[in-house]
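Visitor: Hey, could you walk me through this one? I'd like to start with how the inside is packed.
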Amino acid sequence: MLSLSTTTLSHPTPPSPSHDHRRPYFLQTFKLRASYSDNSSSNRRVVTRERGKNDKLITALEKHGIDSLELPLIQHTQLPDLEKLVSLLSETSFDWIIITSPEAALVFLQAWKAAGTPSVKVAVVGTGTASIFDEASSSKHLINVAFTPSKATGKVLALELPKHGNEKYTVLYPASAKASNDIEEGLSNRGFIVTRLNTYTTEPVQKVDQMILQQALSASVVAVASPSAIRAWVNLLPEPDNWNGSIACIGETTASAARKLGLRNIYYPSNPSLQGWVDSILDALLAPNQILKA
């Protein structure tokens, strides 16, 4: 059972049919007090990152009484450029190192430790990525997270990364092989000298547990953290055009990928973070209830 305690009720405008919005209107008029006694699959939230990387999200959702079903959709594979990253960190100093996702941050930290933990200045795309470095607390004095853009996208980071005059700033950009070219193109156009290394890639999980998948197909909300996960989910849908569930994305880039694939009922936070992701899941969860009440 889901219970809601009301604050001052206004007369909000109903959302558009696509429900593609960052903060649904109902959270402005209702305060969530979520508790679930129905453990059917339709009341579950599906989390899709690699097994072992969903724990924080699952724990955060449990605090709201929300049950989760873990269905890993993607797996990460290291690429030869990871060894090049170790060498460059050992031998070369860069003005900036660009990190654009939590997974890229984890891979970078692995290489950084292998390189002897040199002092580096890092720019991250958002607070979710920055939190990975916060957790490496013993390394804070060596890793200076010095910049986060006003909006958590690669294009905005490339536009806003600090640069003074016509000086030649060097940038190291270790990334997924599937990441777009927005960052290196944007920075190069501004006069930065960019070295991109594809240190890892993402691939769909080769074998999905069919019993768990059947439960996931009837769940109300699927939480995804990357465009790769979105593509993997759509490929598993028997009839993608007829799927009526909601997608809760970690950020705008993932939401954009979901939109391009024709999905509806897309929710995402303005600034990617664990709490923002949880809020988006709650938004997606409550939308049908609130629309009925309105």
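Guide: Buried means under 20% relative accessible area, exposed over 50%, and partly exposed in between, with a 1.4 Å probe and protein chains only. Bear in mind that this is a predicted model, where local features need pLDDT of at least 70, side-chain atom pairs count only at pLDDT 80 or more, and totals for chains, interfaces and linings use all residues. Residues are numbered from 1 along each chain as its sequence is written, and side-chain values use heavy atoms, with hydrogens and water left out.

Visitor: OK. Which residues touch the most other members in the largest nonpolar core?
Guide: Leu89, Ile99, Phe108 and Phe133, out of 26 residues in that core.

Visitor: And which elements give two or more residues to this core?
Guide: Those are α2 (81-91), β6, α3 (102-114), β7 (120-124), α4 (127-135) and β10 (193-204). The largest share, seven residues, comes from α3. Helices (H or I, at least four residues) and strands (E, at least two) are DSSP runs, numbered from the N terminus.

Visitor: What does Leu89 touch?
Guide: Leaving out residues up to four places away in sequence, Leu89 touches Ile97, Phe108, Ala111, Trp112, Ala115, Pro118, Val120 and Leu172. Contact means heavy atoms within 4.5 Å.

Visitor: What does a second, separate core include?
Guide: That one has 24 residues, among them Leu73, Val208, Ala232 and Trp243.

Visitor: Back to α4: which of its residues are buried?
Guide: Gly128, Thr129, Ala130, Ile132 and Phe133 are buried in α4. Their cover includes β6, α3, β7 and β8.

Visitor: Switching to rings. How many aromatic pairs does the structure hold?
Guide: Four. Rings of Phe, Tyr and Trp (its six-membered ring) pair if their centres lie within 6.5 Å; planes under 30 degrees apart count as stacked, over 60 as edge-to-face and the rest as tilted. One of the pairs is Trp96 with Phe147, edge-to-face at 6.4 Å centre to centre and 70 degrees between the planes.

Visitor: Why does that pair tie together parts 51 residues apart in sequence?
Guide: Because Trp96 lies in strand β6 (residues 96-99) and Phe147 in strand β8 (residues 143-147). Trp96 is buried at a relative accessible area of 4%, and Phe147 is buried at 12%.

Visitor: How do Trp233 and Trp243 pair?
Guide: Edge-to-face, with 5.5 Å centre to centre and 70 degrees between the planes. Trp233 lies in helix α8 (residues 227-236) and Trp243 in the loop between α8 and β12 (246-249), so this pair ties together parts that are 10 residues apart in sequence. Trp233 and Trp243 are buried.

Visitor: What sits over the ring of Trp96?
Guide: The charged end of Lys121, 4.2 Å from the ring centre. The test is that NZ of Lys or CZ of Arg is within 6 Å of the ring centre and within 35 degrees of the ring normal.

Visitor: Now the strands. How does β5 pair with β10?
Guide: Strand β5 (residues 74-78) and β10 are antiparallel, with five bridges. Two strands pair if DSSP finds at least two bridges between them. Gln78 stands opposite Tyr200 in β10.

Visitor: And which strand do seven bridges join to β10?
Guide: Strand β9 (residues 170-176), which runs parallel to β10. Tyr173 has Arg196 as its bridge partner in β10.

Visitor: What about Asn265: buried or exposed?
Guide: Asn265 counts as buried, at 13% relative accessibility. Phi of Asn265 is also positive, near 55 degrees, and Asn265 lies in the loop between α9 (252-260) and β13 (266-267).

Visitor: Last one: how many helices and strands are in the chain?
Guide: There are 10 helices and 13 strands. Of its 294 residues, 48% count as buried.

Technical notes. A nonpolar core is a set of buried Ala, Val, Leu, Ile, Met, Phe, Trp, Tyr and Cys residues joined through side-chain atoms within 4.5 Å.
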